[in-house]
Amino acid sequence: MNLVVIGAQWGDEGKGKIVDFLAEGADIVLRYSGGANAGHTVVIEDQTYKLHLIPSGVLTPEKRTVLGIGMVVDLENLFEELGMLEERGVAWQGRVLLSDRAHLVLPRYRQMDKERDAERRFPLGTTGRGIGISYALKAYREGIRVADLYDPAVWRGLSAQDREYLEPYRKRIEGMVVDVSRLMHESRKSNVLFEGAQGTLLDLDHGTYPFVSSGISCAAGAAIGGGIGPQQIDQVVGVFKAYSTRVGNGPFPSEFRKERDGNLGDVIREIGREYGVTTGRPRRCGYLDLVSLRYACRSNGIDTLCLTHLDVYDAMGEIQACVAYRVGGEETDEFPATVSALEGAQPVLRRFPGWQKPITECRRESELPAAARDYVRFIEEYTQTPVEITSVGYRRDQTIVRQDPWTRS
Ligand code: GDP
Ligand code: IMO
Ligand code: MG
């Protein structure tokens, strides 16, 4: 079975936690897009792991993990991460594989990324990890791929400086390199978990362009970056937070505003510990945006939703969520294509009663307060998509499952 986990917002929805939770049922966990711009947090007992390139499944013993075709891989970052795992006693040898077709991020791309972004009239606020440069060179057909390190003709054509940098890695990664579509074919009877990075609204095509990342973060990217056909994707799980966050610049219609919402933004940021994993930047926070969530359900074919961070609302007397936008005097519940429409959009908010009690120890839906269940039910009705996993804390066990996606049909 092929199960895809994607972000349904602007990233940081809790994909790392959910992939780690679902990894038990997988034989292979494959990251299909993005690079070290991602930061996926997994908390296991008293240990917190922050992964940027390696799939979160690496923390489950014996699972094989793959850095897929659609990724852009910074080898320095990769070995830093492998070193971190080794130091912390995670045996990764033989379990971390790397696509021969993945592209490489060279150190100078990081600097170029920062400089180019700063030169823009409206900087995107990239992570400075060289991601956009690497994908641009890929599209321009001047990128360097993993397989190129072993192709004498390409290797000879690289500059002396690049060869010097890459030379030590040729040996170090040799045993990790695989043909991913062949591996997927050989594993067609296995359970493969495709780990998305970023989120729908940061997807190059479906996101709030140009304020997006450069990879394919939507569900279809799992087929491209994972070397399978689209009809082989069995289930798509969309992960979203009970509210919204965004790091970096770009439109955010339901963002909390001081004049309307007082200090709600700061309160949620502190309770939800909303600081970027990769850059440490404070995340912008806002109301749950159901307009964009439904758009994400449609554009990814999400079968089932996973709601995270519901516990962050525990203390609230009242909750609000955005159910439509007012754009130029008209109300719409469709997600606009342009930045100017999104920037001009005023959120139409709907109020929900809060539950004002801790839910972090709830392990079944029936244990959730009625007000929390009502909030979830409204989301299901609005998006026409079931919410079958609810996360009530960052720990693995703080997860409520109505329907296990591995046994869903
Ligand atoms: P990802 O990029 O989608 O993997 O998400 P990040 O790891 O960047 O950010 C999610 C943050 O929320 C991490 O610090 C997680 O430990 C934490 N987290 C995940 N799920 C929950 C949850 O249900 N409740 C709370 N309070 N925190 C959560
Ligand atoms: P995960 O996988 C949140 C954002 C950056 C910036 C924009 C472009 O942890 O959810 P880039 O460096 O990719 O060219 O930056 O995209 N961004 C993310 N925001 N979570 C992520 O990944 C992100 N990856 C990129 O902040 O606004
Ligand atoms: Mg993240």
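This is a predicted model: local features need pLDDT of at least 70, side-chain atom pairs count only at pLDDT 80 or more; totals for chains, interfaces and linings use all residues.
Residues are numbered from 1 along each chain as its sequence is written, ligands are numbered from 1 in the order in which they are written, and side-chain values use heavy atoms, without hydrogens and water.

**Stop 1: strand β1 and its neighbours**

Now show all of β1, residues 2-7. Strands here are DSSP runs of E with at least two residues, and helices are runs of H or I with at least four, numbered from the N terminus. On one side, β1 runs parallel to β10 (residues 192-195), joined by four bridges. Five bridges link β1 to β11 (residues 235-241), again in parallel. In that pairing, look for G7 opposite V239. Two strands count as paired if DSSP finds at least two bridges between them.

Is β1 enclosed or open? Six of its six residues are buried, so the strand is largely enclosed by the rest of the structure. Buried means under 20% relative accessible area, exposed means over 50%, and partly exposed lies in between (1.4 Å probe, protein chains only). Colour N2, V4 and I6 for one face and L3, V5 and G7 for the other, and you will have both covered sides in view. In a regular strand the side chains alternate between the two faces of the sheet.

**Stop 2: the whole sheet**

Zoom out to the open sheet of ten strands, ordered β9-β7-β5-β2-β10-β1-β11-β15-β19-β20 with mixed pairing. Its edge strands, β9 (177-178) and β20 (399-401), each pair on one side only. At the β9 end, two bridges connect β9 in the parallel sense to β7 (residues 96-99). Select S99 to find its bridge partner in β9, V178.

**Stop 3: just past β10**

Next pick G196, in the loop between β10 and α8 (220-226). G196 is buried, at a relative accessible area of 1%.

**Stop 4: ligand 1**

Which residues come nearest to ligand 1? Of the 19 around it, they are K15, G16, T41, D311 and S391. A residue is near a molecule if one of its heavy atoms lies within 4 Å of it.

- D12: a polar side-chain atom lies 2.9 Å from a ligand 1 oxygen.
- G16: a polar backbone atom is 2.8 Å from an oxygen of ligand 1.
- G39: a polar backbone atom is also 2.8 Å from an oxygen of ligand 1.

Helix α1 (15-23) and strand β3 (40-44) are the elements giving two or more residues to this shell, and α1 has the largest share, with three.

**Stop 5: ligand 2**

Finally, centre on ligand 2, which has 20 residues around it, the closest being D12, K15, H40, T127 and S213. Polar backbone atoms approach ligand 2 oxygens at D12 (2.8 Å), G39 (2.9 Å) and V247 (3.0 Å).

Technical notes
A polar contact is a pair of N or O atoms within 3.5 Å; within protein, one must be able to donate a hydrogen and the other to accept it, and residues adjacent in sequence count only if both atoms are side-chain atoms.
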